[in-house]
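Please describe the fold and one of its side chains. A short report follows the display.

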Amino acid sequence: MTAPAANTTVWDTKTQQFHGGQDWKFLNNFVEDFSVTTNCLGTPVKAINAARDAVATCHHYPPANQEPAKSSLAEWIWPEAWQTNSDRLLLGNGASELIDLVIRSAPQGSWKAGPWDVQYKEYQRSAETNGRDILSPKGNDKANVVCIVNPCNPTGDYKSIDELKAWILENVQDNGVVVIDESMQIWVGPNFREDSMTNQTEFLEKTFKERNISIYVIHSWTKIWSCTGLRLGSIVCPTVSHCVELKRIQVPWSVNSPALAFLDEVVRDKEYLEETWRVTPIYRAQLIERLEALGGGRGWEYFGKSYLSWVWADMKDVAVAEKAVELAKAAGVPVRSGKPGYERPTFVRIAVREPKQTDILLNAWKNL
């Protein structure tokens, strides 16, 4: 049987949302995947070993209560108050499962994305599949369900916690539901918790009490810890009862034993995160500097905060962007086209990687 020749053939576009991250398995000369926004350090070794050891228990069911991984993550999210918050935490088979759980459980009505040019598409896919009216993110209409990816993947936009609170109050109806995706928020730096909605208990309680607005916070842990194949996410619910309702519609054992073992171990790896916060801004700045030299005079633009694990690049020309994607793939270093899925055909998304890997990509583009 002949393997598919391209990423796009892997997806059933009639029923699935297109994503990146598929080209690597079809490239005989594969070197590194620049199409996914995972950590440039690769997967933490201790966590890989823990997941590998857990495979030996695959003849047993995973723990139905997701322990001890769930409590370990709760202690990592709320170091000073994890025991009082852990019952509001639920793990899932990647963020995408949890996105769908919230959208399905929310009252029927309208749906609205964050104010960005474009954001992670699984939210809109789920809203459309569940029959919601899709409102323009640029309009002033309030929706009964709003979803904002912050920082936004792919655009790299970011709202501080105060800006985020104001946007929520202006865009959601009373009795509505808010989903905040903070999957990339950990890259903010060592003080990321201070700017995270997971630690805004007073605001969450006040908004729920005064306007009956339910605010959920979702994380995909597969990017910061580079484990997309394991499928691992979590959701912080506004109250314990909200979490119970999600559990009612979640399939049992949705997170497997290797993923739980990985999570339980990886939250203890402080050195990995410290190195992430140190090198990512350096590698990203170097990448942009070299892109500017490569595209000098062509008006290319680069978007995203300095600490993020990718660059959203506008090459200003559809043909040039398509050629860039083609050349990267031919060199074994695929990038994410902005055309399928995002509908931004002049853009490419380039992951931050180690300089020696970036050399291969930029050498492939030297005659672009």
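## Q66 and its surroundings

The side chain of Q66 has a polar atom 3.0 Å from the backbone oxygen of L91. A polar contact is a pair of N or O atoms within 3.5 Å; within protein, one must be able to donate a hydrogen and the other to accept it, and residues adjacent in sequence count only if both atoms are side-chain atoms.

Q66 sits in the loop between α1 (45–55) and α2 (69–77). Helices (H or I, at least four residues) and strands (E, at least two) are DSSP runs, numbered from the N terminus. Q66 is buried, at 9% relative accessible area; buried means under 20%, exposed over 50%, partly exposed in between, with a 1.4 Å probe and protein chains only. Leaving out residues up to four places away in sequence, Q66 touches L90, L91, Q250, V255 and L260. Contact means heavy atoms within 4.5 Å.

## Model basis

The model is predicted: local features need pLDDT of at least 70, side-chain atom pairs count only at pLDDT 80 or more, and totals for chains, interfaces and linings use all residues. Residues are numbered from 1 along each chain as its sequence is written, and side-chain values use heavy atoms, without hydrogens or water.

## The sheet

Seven strands form an open sheet with mixed pairing, in the order β1-β7-β6-β5-β4-β2-β3. Two strands pair if DSSP finds at least two bridges between them. β1 (89–92) and β3 (133–135) are the edge strands, each pairing on one side only. From one strand to the next, the twist averages 20°.

Strands β5 (residues 172–181) and β6 (residues 214–220) run parallel, joined by five bridges. V179 has Y216 of β6 as its bridge partner.

## Helix on the sheet

Helix α6 (residues 161–171) packs on the sheet and touches β2 (110–113), β4 (143–149), β5 and β6. The direction of α6 makes about 140° with that of β5. Axes are lines fitted to C-alpha atoms, for helices over the stretch in contact, and angles run from 0 to 180 degrees between N-to-C directions.
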